[in-house]
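Biologist: I'd like to learn how to read a fold like this one. Can you walk me through it?

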Amino acid sequence: MKIISFINMKGGVAKTTLSLNVADCLCSRHEQRVLVIDIDPQFNATQCLMSADQYVDHIENQRDTIINIFERGYRPTVGVVDGPEEASPKNLCDINLFEVKENYGLLPGSLDLYRLEMASGEGRENRLKKYLETVENFYDFVVIDTPPTPSIWMTSALISSDYYVIPVKPDPISLTGIDLLYGIIGEKKENYGLNIKCIGLVLTIVEDGTIVFRQAKENLANNDRWKNLVFSRFLPKRTEVARQQLNQQLILTSNNNELKQSLVNITKEFLERIEDDEQGQ
Ligand SMILES: Nc1ncnc2c1ncn2[C@@H]1O[C@H](COP(=O)(O)OP(=O)(O)OP(=O)(O)O)[C@@H](O)[C@H]1O
Ligand SMILES: [Mg+2]
């Protein structure tokens, strides 16, 4: 089982869009068993994979969200489902997931992550990693959609992951952030003794044919740190991506062949890069 975080401290760069669609492509086109973890308090991945009714059903049926990984015995109450709830301690191996479809699982997110205070050093940042050890035999890939802010949630994702992918928009401001991100991940690696590796940087929400895109590619190609990490395929900007997300429509089921082909190619490259890394070890 390989665990990959999609990460960038810049907001709105398609971390969520890319992570859950690459997960879908791994499942639909490569027969892989995938689990998406929504560790972002904004819970956009969950909104893209579950309807509001499905989410309410999930909670009402005492199934779990990311918060149950961090809070043993936690049960959502006010504002999500009514009525008093008995909180009973829960073992990590008893976490109930949501099945998006066959071989595509989701550990849904929760707005309550905003309320959960968690200081680093308490050891709870290791709980996601511990949980993932319990599902080792059930999935081939775990994809973690992370929040855009450095936080205990981002740290938990990094601690759990073998690899990370950086989705980035090809504009000058977005590109300045990737060196900062690289530095912060480097610090975490040192502090926590992590082995996590970058498998690449995917250009997203791309307006092909623009000067900005051409310059971004040139800058990356001339940068020693990034030149070999840039995926040769990118995700083009297409309005249907944004329009169809809240209807739980994934790119592979859209009518836009160009979008589909980009996703298929990005996923292929994603697999190749992981395979190359494994062979190089
Ligand atoms: N290829 C695309 N074409 C057009 N719009 C896109 C594309 N990919 C993503 N978007 C839109 O851009 C916005 C940001 O995408 P997304 O939520 O995936 O980014 P994010 O990096 O996860 O954001 P956040 O930092 O808030 O978590 C969304 O409205 C999404 O629908
Ligand atoms: Mg997101």
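Modeller: Start with contact: two residues touch if their C-beta atoms, placed from the backbone, lie within 7 Å. Helices (H or I, at least four residues) and strands (E, at least two) are DSSP runs, numbered from the N terminus. This model is predicted, so local features need pLDDT of at least 70 and side-chain atom pairs 80 or more, while totals for chains, interfaces and linings use all residues. Residues count from 1 along each chain as its sequence is written, with chains lettered from A and ligands numbered from 1 in written order.

Biologist: What covers the buried residues of H10?

Modeller: Buried means 20 or more other C-beta atoms within 10 Å of a residue's own, C-beta atoms being placed from the backbone. In H10 (257–280), those residues are Ser262, Leu263, Ile266, Thr267 and Phe270. Their cover includes H1 and E7.

Biologist: In what order do the strands of the sheet lie?

Modeller: Strands pair if DSSP finds at least two bridges between them. Here seven form an open, mixed sheet, E3-E4-E2-E5-E1-E6-E7. E3 (98–101) and E7 (197–203) are the edges, each pairing on one side only. Further in, E2 (34–38) and E5 (141–145) run parallel, joined by five bridges; one of the partner pairs is Val34 with Phe141.

Methods. The expected span of a helix is 1.5 Å times one less than its number of residues. A residue is buried if 20 or more other C-beta atoms lie within 10 Å of its own, exposed if 12 or fewer, and partly exposed in between; C-beta atoms are placed from the backbone.
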